[in-house]
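Below is a short briefing on a predicted model. It covers domains, a pair of helices and a ligand site.

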Amino acid sequence: DWIMGDYISEAVEKIRAQVGSEEVILGLSGGVDSSVAAALIHRAIGDQLTCVFVDHGLLRLNEGDMVMDMFVGKLHAKVIRVDAADQFLGHLAGVSDPEAKRKIIGREFVEVFKAEAAKLKGEGAKGAKWLAQGTIYPDVIESGGAKSKKAVTIKSHHNVGGLPEQLGLKLLEPLRELFKDEVRELGVALGLPYHMVYRHPFPGPGLGVRILGEVKKVYADLLRRADAIFIEELRNFIDPETGKSWYDLTSQAFTVFLPVKSVGVMGDGRTYDYVVALRAVQTSDFMTADWAELPYALLKKVSGRIINEVRGINRVTYDVSSKPPATIEWE
Ligand code: XMP
């Protein structure tokens with residue numbers, strides 16, 4: 001029960017007092033936390049903030065343009081967009097092991113970001129002195145101990161810890177005391193669009209873990225189009241009982257590309273094309289999750305549209321596995 005306007009003015013004052021006239025760099029991912037951190041810091045210090053947005057080629061349909069539109073077009077923030085798709089895809093060529101893929105994507109991400117940050121830092125006395133991160137309270141707790149108690153790593157997440165030290169930058173984390181729902185409220189109050197702030201989570205490795213096995217650009221392009229249809233229809237379908245869309249009734253929903261071919265028939269012809277799986281779950285903590293009982297009418301609409309509109313995919317399946325034992329992502 002804090003008043004958002006007062007909170008923003010206080011946070012803005014705090015950031016100004018902390019950084020003075022120095023320059024700040026922030027890695028923008030398109031996710032909620034880094035976006036809200038960027039909007040808040042931009043409100044405080046304007047052009048003293050430079051955002052670096054690494055496009056690894058594994059983002060969703062038009063996602064990169066949407067991020068640029070929002071931050072440059074609407075907020076007038078300084079954003080450097082690094083198109084590193086070829087570099088990432090190059091390193092991923094021939095690699096099909098999920099953990100190996102995750103490590104490559106994480107490592108390249110750090111490499112690309114460090115190179116950009118070094119350029120910004122290198123501009124003499126006027127160079128950047130701060131690295132801003134969208135760390136939120138649950139991240140602070142997690143890195144404080146819970147993580148180290150875990151005996152087995154199921155999936156290695158991006159680890160950007162240690163980046164400020166490596167870069168010789170001071171760390172600015174204005175969301176450190178906030179929970180996720182507070183971060184979202186703050187984002188809306190700062191003028192970020194509701195649909196962006198209330199988006200489902202998207203993993204750091206992006207479509208890299210939603211294309212099973214080896215990642216190829218053609219697969220990513222097919223997946224992007226299929227997934228955009230699924231998400232669009234989830235937003236269109238309103239549950240009459242709650243008045244909410246199925247997008248808002250699910251915690252996470254996405255499409256997975258299966259690099260296997262199956263036989264189909266279209267018109268008078270035979271097709272031999274790829275398969276996708278739809279995944280939608282409901283969960284409160286992402287540690288356990290139930291598969292969502294989406295309405296058949298929704299599934300029917302989505303599969304019809306994907307098969308008709310995305311040439312190269314001729315079969316759509318629905319994943320009815322809960323976590324555990326399945327995980328939410330397929331890799
Ligand atoms: P799993 O698949 O382990 O996923 O059930 C649980 C939640 O974590 C997300 N996830 C990730 N998020 N970097 C992230 O930032 C990652 O490497 C990563 N892997 C999984 C997943 O989307 C789900 O919300």
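The chain is assigned domain 1 (4-197) and domain 2 (210-318), with bounds from an automatic or database domain assignment. The model is predicted: local features need pLDDT of at least 70 and side-chain atom pairs count only at pLDDT 80 or more, while totals for chains, interfaces and linings use all residues. Residues are numbered from 1 along each chain as its sequence is written.

**Domains**
- The centres of domain 1 and domain 2, taken over C-alpha atoms, are 29 Å apart.
- Domain 1 gives 10 residues to the contact and domain 2 gives nine residues (contact: C-beta atoms, placed from the backbone, within 7 Å).
- On the side of domain 1 that touches domain 2, five residues are nonpolar, three polar and two charged (Ala, Val, Leu, Ile, Met, Phe, Trp, Tyr, Cys and Pro count as nonpolar, Asp, Glu, Lys and Arg as charged, and the others, Gly among them, as polar).

**Helices H4 and H5**
- Helix H4 (residues 85-92) and helix H5 (residues 98-121) have axes that come within 10 Å and cross at roughly 150° (helices are DSSP runs of H or I, at least four residues, numbered from the N terminus; axes are lines fitted to C-alpha atoms over the stretch in contact, and angles run from 0 to 180 degrees between N-to-C directions).
- H4 and H5 are therefore roughly antiparallel to each other (an angle over 145 degrees).
- Gln87, Phe88, His91 and Leu92 of H4 meet Lys101, Ile104, Ile105 and Glu108 of H5.
- The contact of H4 with H5 has four nonpolar, two polar and two charged residues.

**Ligand**
- The ligand is surrounded by 14 residues, and the closest are Pro203, Gly204, Thr327, Ile328 and Glu329 (near: C-beta atom, placed from the backbone, within 6 Å).
- The shell around the ligand has six nonpolar, five polar and three charged residues.

Notes: Helices (H or I, at least four residues) and strands (E, at least two) are DSSP runs, numbered from the N terminus. Angles under 35 degrees count as roughly parallel, over 145 as roughly antiparallel, 65 to 115 as roughly perpendicular and the rest as oblique. Two residues are in contact if their C-beta atoms, placed from the backbone, lie within 7 Å.
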